[in-house]
Each structure stands twice: as C-alpha cells, then as structure tokens.
Amino acid sequence: MPRNTLNRQLNMVQDEILLLGSMVEQATLAAVGTLKSRNLREAKLVFEQDQIINEKRFAIENAILILMATQQPMARDLRTLAALLEVNTELERIGDYAKGIAKVTLRMGGAEVNLPMMEIDQMAELAVGMLHRALSAFIEENANVALAIPKEDDLIDALFNTAYSKILHEMVANPATIDSVNLALWVIHNLERMADRVSNICERTVFIATGELFEMDGMDEEDLNV
Amino acid sequence: MEDMNQSTKYAIETRGLNIFYGDFQAVKDISLQFERNRITAIIGPSGCGKSTVLRAFNRMNDFVPSAHATGEVLYHDQNIYDPSVDAVQLRRLIGMVFQKPNPFPKSIYDNVAWGAKMNGFRGNTDDLVEETLRQAALWDEVKDNLKKSALALSGGQQQRLCIARALAVRPEIILMDEPCSALDPIATLKIEDLMRELSQNYTIIIVTHNMQQAARASDYTSFFTMDTDRSGIMVEYNETSLIFTKPKDQRTEDYITGRFG
C-alpha cells in the first residue's frame, strides 16, 4: 500500500503526542503531590517544567503543519491530523492546569491550612486515568472506548462538589486562613477542567473514526458547578 | 571518474551555470548543491529552465546542436563540461528517467539486462535482473513473466522498469524528468515510495510540474522562475518542509499558493 512517508511521519507525530500526554500526566500528579508535601522546590520545578511542555507543543504543531503542507492528507488522514492539532492544544492547556496547581503550592508556602486532600487526590487520579485511556483510545482510533470515558466525568463533578463544600466550610470556620484556603478552589477547578478537556480529546477520537463533530456530555466551563 | 573518493559533500554541484540555445539564454547563473542520498526537487512554471538544468547534469543537452553551457557542473570535483570527460561514462553514473515510460520493445528481462551487458557487466545476469527489479519494487509483479514484452506492462510498471533499467548500470545519481506525469495517482504514489527507498543508496534529482509531488516526495526543493528577459533563474532553495510552510521569497510564496501569473 503506497504512502509510506505519510504513514511513517503520522506515526511519529502520534508518538510525540503520547509523550506529551505522559509529560502532562506526570506534571499533574507531581503538582498535586507538592500540595500535600508542600515541597516548594518540587513545586517550583513543576512550575518551570511547563516550559518544556509548551516547547514540545510547538514542535508538534510545526510537524503537523509540515505534514499538512507536504503530504496533502485527505479524508481520515486529514481528520487525524486536524484532531492531532486539537489534542496537542488540549494537552498543553492541561499542562497549564498542572502548572497552576504548582503555583498554588508556591503561594501557600508553609501556611497551615486544612485542605480536602482526599478529594483532590482522587480527582487528580481519576482525571489522569481518564486522560491516559483517552489518549490510548485516540491513537488507536477506538471510538467506543472514547465514547465511554466522558461519562466518568460525573465522578469528578461529585468530588468537586464535595471538595467545594469542604473548602467553603473551612473558610467560614477559620477565616484567618481564608487567603490560602481560597486557593484550593483554584486547584479543584483546574482538575475539574482537566477532565472536561479529556472529553474534548474523546470527541476528536470519534471525529477521526466517523467524521462527526459533536459535543459529548459533561460540563462546559460556562456551566455552573454549584 | 568513478574511482574518485566519495568525500565531497555534495553529489553534484553547479556554479554560475548558464545554458544557451543559440542566442537565447535559457537559464542564468544557477548555483545549486545537491545533497548526497537525498531527493531534491526542482519546481517552477513552464519555461523556467528546470528540465534544461536537469539535462545539463549528464550532458543530455549535448544532443541539442545549438545548446552550450558556461559555468561549472562539478561532479567528483571535476567540471563535467571539461573536454576530458567521457559523456557516455558520465551518463552511466548519472542515469535518467523520462516523462513517458520508454522501455525497449523487448522482454522485461532484456530491458534490465541489456544496458548492463553493454556496459561490460560480467556477473550473473539472472541475479542482476532479480536484484534490480526488487530495488525498483517490481519483482513481485513480474517474476513469473520475465520473458513477457515490457510493452505489455501498465504505465506505472513500465516506469518502474525504466527505473530498474537505470539502476542496472549502478549509477550514483538518478535524474527524473516529470517521471509521473503520464501515470495515475496510485502509480504515482508507488513511484514516490520507491524514490524514498532508493534515496538510501542513490541521489535523486527530480523535475516536476506537480508541486504537490515535490512537497510529498523530496527532501529539498529548488524553485525556479523566469526572469524579465525570459531566462530561467533560481529563486529559492531550502528544505522542502520550509519551502512549503514558510518560503523566504515572495515569488516562491506566490507560486506555491497558486497566486502566480
């Protein structure tokens, strides 16, 4: 079957996307870890390493543009490249969420605050798990798997609501720490948004497989979570 | 010439090459370097001199009585227009594939074997034919019919046979002048995949009207256009990925985006 060059270069871009995905997964888990450990050095590292994620995103974008310009992709090839461009951006934004969480750790510094760490941990684990499986389904172009993943967002939303209540409760109970505790809202917001972006990745998987563009169930940024 | 070392950085290089047909200057001051084991495409509008330049590389222009060249075409550190150069030997080392597949009206086997025998090949001809047809990605399709006339093959197969014929004399550089313009899209893509395979062992220079083909198949691209006096000039040369995403010269941009003329 002809088109060896296109196939080979497409596989290379897909490998790079998987690599970017695992960088983002690690950054997210590490950022949440610093919130627990309050290891500021580690938090600074996660914060700074977002730069590497950003650079990789641009390198991938450039490779995709070159492929589009030189290989004249059509039909499924074209959808795959357009979807890769989209997923590339989603991953970079998820990287920003991780960076934002690391920034919260840096802002809290050594302040003693009562955070809903259990919910935050669970949200991070669930979101990273969803992201991991969503990327696998994306590369394998498995629409059935991709369609199921956004449904897990309900769990994240439930955890968000619990954590949100706990944070509000803490603010009322300990007004002295309100500045720091307030930052935890930022953390749970980021994790909740991360799951939404995973849904976007799943939408692109279905797009590759079927050519249909549509919005999957799940909360949008504009929807209210309270 | 073939005994010279391979240490020169480029497979072939032009310096200030001018080619004339009588009084008319067809191309002007072309200085281009062709990377070894890479595919370089020359693109540009009709009449910009790209085929003229390609034919200079193995002195095919010698067959046009009014044609003459000034400047240099350096191959193994020697100007191929130097009187001491044997043009026949040169054409063995720098082979050519043409626009229209032109197999000899002989068997598939003889098409491959003939040129090699003419060049004094003494080895096992059966092995040579098989090896060369495999290199040209044609063996599996013809191995049971080697005695069949080459003219019975499809256009795409005939073109791959012509590539095999060029390979059989062990060239270093393969010049391709619009090798796919007579082929359908699938046969075209097969040739492009074959070019990619061959570039591991050969330097390929391709002239094409089809800039999408240059984009798909080449590592480097050179854009030619016509100067105000209608002579061909080289506008820009760069990696293909750059030529087709961020060309430096506005004339290149206009041509590749279809805003030319």
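In this predicted model, helix α3 (residues 108-118) of chain B and helix α4 (residues 125-135) of chain B have axes that come within 10 Å and cross at roughly 110°. Because angles of 65 to 115 degrees count as roughly perpendicular, α3(B) is roughly perpendicular to α4(B). Helix α4(B) also packs with helix α6 (residues 155-167) of chain B, and chain B is in contact with chain A.

**Helices α3(B) and α4(B)**
- The crossing in which α3(B) passes α4(B) is right-handed.
- On the α3(B) side, the contact involves B:Ile108, B:Tyr109, B:Val112, B:Ala113, B:Ala116 and B:Lys117.
- These meet B:Thr125, B:Asp126, B:Leu128, B:Val129, B:Thr132 and B:Leu133 in α4(B).
- Classified by residue type, this contact has eight nonpolar, two polar and two charged residues.

**Helices α4(B) and α6(B)**
- The axes of α4(B) and α6(B) are 9 Å apart, at an angle of about 125°.
- The two helices, α4(B) and α6(B), are therefore oblique to each other.
- Their crossing is right-handed.
- Helix α4(B) contributes B:Thr132, B:Leu133 and B:Gln135 to the contact, and α6(B) contributes B:Leu161, B:Ala164 and B:Leu167.
- By class, four nonpolar and two polar residues make this contact, with no charged residues.

**Interface of chain B and chain A**
- Twelve residues of chain B are in contact with twelve residues of chain A.
- The area buried between the chains is about 1000 Å², and carbon and sulfur atoms give 59% of that area.
- Within chain B, the residues that lose the most area to chain A are B:Asp193, B:Arg216 and B:Thr245, together 44% of what that side buries.

Methods: Residues numbered from 1 in each chain as written. Chains lettered and ligands numbered in written order. Predicted model: local features only at pLDDT ≥ 70, side-chain atom pairs only at ≥ 80, totals over all residues. Heavy atoms only, no water. Axes fitted to C-alpha atoms, helices over the stretch in contact; angles between N-to-C directions. Helix = DSSP H or I, 4+ residues; strand = E, 2+ residues; numbered from the N terminus. Parallel < 35°, antiparallel > 145°, perpendicular 65-115°, else oblique. Left-handed = near helix turned anticlockwise from the far one by under 90°. Contact = heavy atoms within 4.5 Å. Nonpolar A, V, L, I, M, F, W, Y, C, P; charged D, E, K, R; others polar. Buried area = accessible area lost by both parts, 1.4 Å probe.
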